Amino acid sequence: MEGRFANLWRLTVNESKFVESALQSELRVDGRGLYDYRKLTIKFGKEYGSSEVQLGQTHVMGFVTAQLVQPYKDRPNEGSFSIFTEYSPMADPSFEPGHPGESAVELGRIIDRALRESRAVDTESLCVLAGKLVWSVRIDLHILDNGGNLVDAANIAALAALMTYRRPDCTVGGESSQEVIIHPPEEREPLPLIIHHLPIAFTFGFFNKGSILVMDPTYVEEAVMCGRMTVTVNANGDICAIQKPGEEGVNQSVVLHCLRLASSRAAATTKIIREAVEAYNRERSSQKVKRHHTLAKSEVSGPIVVVRKRQQQKKSSGQEKAAEIHFWLWLWWLIVTFWR
Amino acid sequence: MEIDRVDGRTPNQLRPLACSRNILHRPHGSASWSQGDTKVLAAVYGPKAGTKKNENAEKACFEVIWKPKTGQIGKVEKECEMILKRTIQSICVLTVNPNTTTSVIIQVVHDDGSLLPCAINAACAALVDAGIPMKHLAVAICCCLADNGYVVLDPNKLEEKKMSAFAYLVFPNTTLSVLPEGSSVAEGEPVEHGIITSVTHGVMSVDDYFLCVENGHAATASLSAFFRKNFQQSQRDSSKAG
């Protein structure tokens with residue numbers, strides 16, 4: 001097992017000193033300003049509820065699925081949702097496969113708290129039969145590439161996937177109105193989830209004993225920084241969650257400054273997410289219209305494989321031989337007949 | 001008698017292929033491969049020091065981690081990991097970096113039939129991107145047998161469920177020879193033929209299986225041509241940028 005530890009990526013002393021001394025003069029290694037974010041792109045997959053978010057070099061995918069389960073005893077009228085975070089070994093050579101480590105669990109808890117406690121996702125609309133059947137929504141977050149600031153990227157991936165997810169429509173029927181019929185998407189249009197507001201996470205990194213503040217740290221800066229804090233706010237100016245897990249102590253004025261920075265950026269990020277979701281919805285509905293016209297035959301243009309037929313040759317050689325034998329027999333009969 | 005496929009393909013027609021390499025920054029090699037709607041992401045971390053306990057320390061060792069889209073890792077995923085690991089071991093040169101471990105991580109993005117062949121093709125592309133020494137590429141295809149004895153290539157999920165049997169076949173890629181046809185047996189090492197890996201589901205007769213193999217082998221020509229074109233194009237782009 002010592003071989004494993006020899007492969008962990010460690011920052012050299014020269015690199016960490018360079019990053020720190022550059023920050024003293026308010027310069028960041030990738031040329032950004034102290035409070036600038038990297039480029040954010042949000043893409044969606046084929047199915048409902050799958051999103052792919054890229055924040056600079058950080059790459060996160062989110063998938064949303066739902067199934068019918070029994071509700072909790074103390075909340076018989078509400079559905080539930082749960083977040084599963086997968087730190088894939090693809091993202092970082094130090095991530096081990098198997099059970100999630102501390103940072104994976106912390107990331108899942110930050111996003112979960114922001115969505116649950118602030119009631120961003122409406123759980124009462126997920127109830128089908130009070131006390132018997134409710135929808136349980138499951139959010140899977142896959143970290144594909146660790147370029148730093150996983151919390152923000154994973155949060156946006158979860159929100160984008162939730163906004164584009166459609167759950168199957170179901171009706172209560174049967175003899176004693178206890179049976180639930182789930183309609184497949186071809187029969188009835190699936191329904192979106194009701195989301196009241198979007199809580200967006202902003203991560204800050206502290207350097208030089210808490211005096212220098214940086215937003216959206218890269219993985220190099222994360223290895224150097226002495227403390228961090230994540231603030232989750234929404235566009236209405238509400239603070240949904242604050243997470244500061246120990247490390248370097250920071251002055252109150254700095255914390256308030258962070259909150260102000262986060263609230264000023266929340267509106268812009270919310271707008272980016274909503275625009276991406278609307279563009280995806282428009283494209284999806286225009287595709288549906290096309291399908292009605294062309295009878296579900298897509299323009300598939302894959303390569304065509306040519307297979308040479310060897311079997312027919314075998315059959316013809318057999319037939320030829322039989323014909324030859326027939327010919328010789330006939331010739332022999334002819335000779336014998338005319339010999340007389 | 002012709003078969004009617006839902007999306008209008010002929011029985012011997014593959015879905016549109018797409019491959020992009022070097023999409024992730026931390027791994028040493030990465031590739032995404034899609035056949036129609038099935039999409040798989042593969043990442044490779046190059047040779048790390050040391051091998052696992054039961055592995056031969058005189059050869060390079062490979063480790064495969066398969067990540068499904070949702071849910072826990074179960075027996076199906078472990079089986080896929082084992083098949084992929086054995087396939088990669090047979091195509092890579094194991095004597096160049098002895099006593100090292102190379103990790104290949106597969107992430108399923110969308111499964112619309114023919115998932116394991118897609119993953120094998122993605123892993124090959126990622127290994128090429130990472131620069132791991134290989135003897136030749138492994139080209140994977142799924143052939144399934146319809147009820148009336150016809151062989152259908154590259155089925156999607158609905159077709160896979162309907163068919164009586166199907167087989168995942170992996171062949172070495174076809175070589176592009178500069179020499180004329182007659183001198184293919186000439187100097188140097190003999191070119192490998194034959195099946196590297198074959199995984200079957202369902203019941204099929206021996207003749208039907210050989211028919212599947214024949215059709216699958218014919219498909220390797222078009223898949224190898226696609227691989228070659230894709231690698232050459234990206235090389236040309238990178239040399240222009242550099």
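A few ground rules come first. Residues are numbered from 1 along each chain as its sequence is written, chains are lettered from A and ligands numbered from 1 in the order in which they are written, and side-chain values use heavy atoms, with hydrogens and water left out. Because the model is predicted, local features need pLDDT of at least 70 and side-chain atom pairs count only at pLDDT 80 or more, while totals for chains, interfaces and linings use all residues.

Residues 37-168 of chain A are 23% helix and 37% strand, and their end C-alpha atoms sit 37 Å apart. For residues 197-264 of chain A, the figures are 28% helix and 35% strand, with 16 Å between the end C-alpha atoms. Helices (H or I, at least four residues) and strands (E, at least two) are DSSP runs, numbered from the N terminus.

Chain A has an open sheet of four antiparallel strands, in the order E12-E11-E13-E14. Strand E12 (212-215) and strand E14 (239-243) of chain A are its edges, each pairing on one side only. Neighbouring strands of this sheet are turned by 20° against each other on average, direction ignored. Two strands pair if DSSP finds at least two bridges between them; strand E11 (residues 200-207) of chain A and E12(A) have four, in the antiparallel sense. Within that pairing, A:Phe204 stands opposite A:Met215. Helix H4 (residues 150-164) of chain A lies across E11 and strand E13 (227-233) of chain A, at about 175° to E11(A). Axes are lines fitted to C-alpha atoms, for helices over the stretch in contact (heavy atoms within 4.5 Å), and angles run from 0 to 180 degrees between N-to-C directions.

Over in chain B, UniProt (again an unreviewed entry) lists "domain: Exoribonuclease phosphorolytic" at residues 13-133. That span is 27% helix and 35% strand, and its end C-alpha atoms are 32 Å apart. Chain B also has an open sheet of four strands, ordered E7-E6-E8-E9 with antiparallel pairing. Its edge strands are E7 (151-153) and E9 (197-202) of chain B, and the twist averages 25° from one strand to the next. Strand E6 (residues 138-145) and strand E8 (residues 165-172) of chain B run antiparallel, joined by eight bridges; B:Cys142 has B:Tyr168 in E8(B) as its bridge partner. Helix H1 (residues 75-91) of chain B lies across E6, E8 and E9 of chain B, at about 155° to E9(B). Helix H2 (residues 115-130) of chain B lies across E6 and E8 of chain B, at about 170° to E6(B).

On a 1 Å grid over the protein atoms alone, a cavity is a set of points where a 1.4 Å probe fits but cannot get out, and lining residues have an atom within 4 Å of a point. Grid points are joined across faces, edges and corners, and a volume is the space filled by probe spheres set on the points. There are two cavities of 30 Å³ or more. The largest has a volume of about 60 Å³, and its lining includes B:Pro47, B:Phe62, B:Cys92 and B:Ile132. The second largest cavity comes to about 30 Å³. Its lining includes A:Tyr48, A:Phe63 and B:Lys69, and strand E3 (residues 58-69) of chain A gives the largest share, three residues.

Technical notes
1 Å grid on protein atoms, 1.4 Å probe; cavity = no way out; pocket = protein on both sides within 12 Å on 5 of 7 lines; lining within 4 Å. UniProt positions renumbered as here; feature names shortened; annotations may be inferred.
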